[in-house]
Each structure stands twice: as C-alpha cells, then as structure tokens.
Amino acid sequence: MHYDTASDVHDQRQATLDAAWRAHPDRFTRRPRPPALPTTVWINKPATQPTELQNT
C-alpha cells in the first residue's frame with residue numbers, strides 16, 4: 001500500500017463485502033468484515049539489537 005491509503009482501501013473492501021452480503025445473505029452466517037488494519041508494518045523487519053556488546 002502507499003502511504004496513508006490504508007483506511008481508504010479498508011473502506012473499499014468493506015463496501016465490497018457489504019454488497020456481497022446484501023446480494024447473497026444466505027451465504028454468510030454474520031456480516032463480513034475486512035481484516036483489521038495492522039498497527040506496525042515493515043518491508044524488512046529491523047533486527048533486534050543486543051542489550052550489551054560482547055567482546056570476542
């Protein structure tokens with residue numbers, strides 16, 4: 001996703017799921033929802049830093 005477009009994409013997904021739910025309510029046991037938006041994302045997750053440097 002591009003910067004600051006996640007909420008727009010989430011809203012579009014919800015609209016698509018709502019249309020499917022209205023068109024075919026018998027196919028769903030409850031109203032469908034898109035997955036929750038992640039709070040943190042990375043392209044390459046940063047490596048964890050050691051708490052102490054080791055001299056070897």
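Author: Gln 14 counts as buried, since its relative accessibility is 12% and buried means under 20% relative accessible area, exposed over 50%, partly exposed in between (1.4 Å probe, protein chains only). This is a predicted model, where local features need pLDDT of at least 70, side-chain atom pairs count only at pLDDT 80 or more, and totals for chains, interfaces and linings use all residues. Residues are numbered from 1 along each chain as its sequence is written, and side-chain values use heavy atoms, with hydrogens and water left out.

Reader: Thanks! Which residues does Gln 14 touch, not counting residues up to four places away in sequence?

Author: They are Arg 31, Pro 32, Arg 33 and Pro 34; contact here means heavy atoms within 4.5 Å.

Reader: What makes Arg 31 and Asp 18 a salt bridge?

Author: The term asks for a side-chain nitrogen of Lys or Arg within 4 Å of a carboxyl oxygen of Asp or Glu. Their side chains meet at 2.9 Å, N to O, so the pair qualifies. Arg 31 lies in the segment after α1 and Asp 18 in helix α1, so the bridge ties together parts that are 13 residues apart in sequence.

Reader: Why is Asp 18 called buried, and why is Arg 31 called partly exposed?

Author: Asp 18 has 13% relative accessibility, so it counts as buried. Arg 31 has a relative accessible area of 33%, and is therefore partly exposed.

Reader: How much of the protein counts as buried?

Author: Of its 56 residues, 7% do.

Key: Helix = DSSP H or I, 4+ residues; strand = E, 2+ residues; numbered from the N terminus.
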